[in-house]
Amino acid sequence: DIQEESGIIFIREQRKYNELLEKFETGDFVLPNGKVIRKITRNSDGSALMEEFSKDGKKLLTCTKFQDGKPILYAEGYREHSDGAQSVAKRVVFKEGKPSTYEEGFEETKDGKNKVARTFDDGSLSLYSENLSADSANNSGTIALTIGYKDNAVLWYQEGYRLASDGTEETDLEVRFRKDKTPFLYQQGYKKYSDDSDETAIEIGIAKNGKPIFYQENYSQKQGYEQTEKYFTYDKEGRLSSSIEGHTREENSTEKMAKYLSFNPNSEPACYQEGFRSSAGYTYSIAKELVFTEGKPDNYVKDCEEYSTGMPRIGEYVECDKEGKPIRLMSNLNPDFETIDFAYEKTNDGWNTMSDENVQEYFEQDGSEEY
């Protein structure tokens, strides 16, 4: 609708340009009764002002600024208010003989603040905005709605933009589009601060087929530190492939996740973790981990930690068979020192202590030793 309206507006204003040019060349116009209907004031620098009045000569209807005999700015419906503000119903900026910017509802207050109800930028429509306000003294402003275009295609759509005097920028809602007009990014509650840190309440990545790629809530980053409250990823069919809660990444390469859950292509759980932490030198630690095979439990670990070298140390370990039933239980497994508190395996006779040979497999060494 906006694109169609823009086309109508700029065709109409192009005709207005030609009309203004013709009036300027004709010169002043005075009625037989002496009332001035059109008055042109010319300046030595090549600029000029053309004013058009009502038939009684009392009300100013339009003003047009010229440079070297060509219209550069047209204003219609000018008013001066009791509070010192000035308003114009319509303004058109012309460049190189064509309408460049079209504005409706322009207002300038006595203290220098500006408001514009609607604006179309560029004759081919590159930007459309609604309800703009600007305070140049405090370097702040707001825009209720903005749509960016290129080659008659929408590039981005934005609602609720605010610029604060300290340089902070906020956007309530923004959607970005590909050249084929399909959306690829959706954001809510975006903030960017003067130190280049930013935060987003909700962000969604979208594939060409309209399926989600990722979804995240309450993301923030500042000076190398990143934090995300919730993060989800999806496969090509839009099925959930992973879920993360409480994710942080620090400048020193430390990464933490409160909870992590991944799924296989059949939408069955593949891995669940709690309390994951990794960093340089200290490879990782996990409070809890449950791994699945074809949707059935494969193994469970608790209080697992591993340095950059060596096998992981595990507080508790449960290994399952293909049916997801426990077949081995271990406590405080430490391959570095080849120690373990207890290790049991399920046999036809029930739960029994594991043999030295079976335990040794978890130490990755030959032979057997006491434990």
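Trainee: What makes up the chain, in terms of helices and strands?
Mentor: There are two helices and 25 strands in the chain; helices are DSSP runs of H or I with at least four residues, strands are runs of E with at least two, and both are numbered from the N terminus. Keep in mind that this is a predicted model, where local features need pLDDT of at least 70, side-chain atom pairs count only at pLDDT 80 or more, and totals for chains, interfaces and linings use all residues. Residues are numbered from 1 along each chain as its sequence is written, and side-chain values use heavy atoms, with hydrogens and water left out.

Trainee: Why is R118 called buried?
Mentor: Buried means under 20% relative accessible area, exposed means over 50%, and partly exposed is in between (1.4 Å probe, protein chains only). R118 has 17%, so the label is buried.

Trainee: And E104, what is that one called?
Mentor: Partly exposed, because its relative accessibility is 24%.

Trainee: Why do R118 and E104 count as a salt bridge?
Mentor: A salt bridge needs a side-chain nitrogen of Lys or Arg within 4 Å of a carboxyl oxygen of Asp or Glu. In this pair the closest N and O atoms are 3.2 Å apart, and R118 forms a salt bridge with E104. R118 lies in strand β8 (residues 113-121) and E104 in strand β7 (residues 98-108), so the pair ties together parts that are 14 residues apart in sequence.

Trainee: What makes K113 and D111 a salt bridge?
Mentor: Their N to O value is 4.0 Å, and the two side chains do meet in a salt bridge. K113 is partly exposed at 36%, and D111 is partly exposed too, at 49%.

Trainee: Which labels do E174 and R176 get?
Mentor: E174 is buried, with 10%, whereas R176 is partly exposed at 33%. Their side chains meet in a salt bridge at 3.0 Å, N to O.

Trainee: How many salt bridges turn up in the whole structure?
Mentor: The search finds 20. Among the linked residues, R12, E13, E76 and K90 form a network of salt bridges.
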